[in-house]
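The following exercises concern a single protein model. Please work through each task before reading its solution.

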Amino acid sequence: MTTENKSIVGRALAGLVDTGDVDTLASYLSEDFTHHRSDSTTSTRAQWLAAVRAALGPTAGMRVDILHLLADGDHVVVHSRRRLPDAGPEIVVVDVLRIAGGLIAQAWEVIEPAGQAAANGAWWNAGV
C-alpha cells in the first residue's frame, strides 16, 4: 500500500510541478479533501484548488526539487525545496498527505523561508 500511495502522490504532483496542470492534481483529490496550513487555516477542495490556480502566475518558472517522498501506511510525506527564478526567494516545504480510497483526502503543509531557517531555529540552539 505504501508504494501505491507514493505513486498516487507522485502522479498528482508531476503535472503540477512540470507544467502547472491543476486539473490532473484535482483528479487525485477526494471530494471532501481538506488542506491544513501551519497557521491553523483550512481550505476545502474548491478553495485550495482556486488558491493553487491563482498562485501559478506569481510562481511562474518556479523550480521545485522534491528531496524526499516517504510513505507509511496511509500517509505520504513530501519534502521539497522551491525557488523562484532569477535568484528569487527560496522556501522549504513539508507536505503530509493522507490517502483514502486511492485519493488524497487531507494535506498538511509547513512552509519555511530558507533564508530565515537559522533565525527560526534560534530558540532550539539556545538550549543546546
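Contact means heavy atoms within 4.5 Å. Helices (H or I, at least four residues) and strands (E, at least two) are DSSP runs, numbered from the N terminus. The model is predicted: local features need pLDDT of at least 70, side-chain atom pairs count only at pLDDT 80 or more, and totals for chains, interfaces and linings use all residues. Residues are numbered from 1 along each chain as its sequence is written, and side-chain values use heavy atoms, with hydrogens and water left out.

**Exercise 1. Overall architecture**

Task: State how many helices and strands the protein has, and in what order they run.

Solution. Step one: the secondary structure consists of five helices and six strands. Step two: starting at the N terminus, the order is α-α-β-β-α-β-β-β-β-α-α. Step three: along the principal axes, the C-alpha atoms fill a box of roughly 45 × 35 × 25 Å. Step four: the radius of gyration, taken over C-alpha atoms, is judged by the globule rule of 2.2 Å times the number of residues to the power 0.38. A compact globule of 128 residues would have a value near 14 Å, and the protein's 15 Å agrees with this.

**Exercise 2. The surroundings of Arg45**

Task: Describe where Arg45 lies and what it is in contact with.

Solution. Step one: Arg45 belongs to helix H3 (residues 45-55), and it counts as buried because its relative accessibility is 18%. Step two: apart from neighbours within four places in sequence, Arg45 is in contact with Ala26, Ser27, Leu29, Ser30, Glu31 and Phe33. Step three: the Arg45 side chain reaches the backbone oxygen of Leu29 at 3.4 Å. Beyond four places in sequence, Ser30 is in contact with Arg45, Leu103, Ile104 and Ala105.

**Exercise 3. The aromatic pair**

Task: Identify the aromatic pair and classify its geometry.

Solution. Step one: rings of Phe, Tyr and Trp (its six-membered ring) pair if their centres lie within 6.5 Å; planes under 30 degrees apart count as stacked, over 60 as edge-to-face and the rest as tilted. Phe33 and Trp48 form it, at 5.2 Å centre to centre and 45 degrees between the planes, and the pair is tilted. Step three: the pair links distant parts of the chain, with Phe33 in strand E1 and Trp48 in helix H3, 15 residues apart. Step four: both Phe33 and Trp48 are buried.

Terms used: Buried means under 20% relative accessible area, exposed over 50%, partly exposed in between (1.4 Å probe, protein chains only). A polar contact is a pair of N or O atoms within 3.5 Å; within protein, one must be able to donate a hydrogen and the other to accept it, and residues adjacent in sequence count only if both atoms are side-chain atoms.
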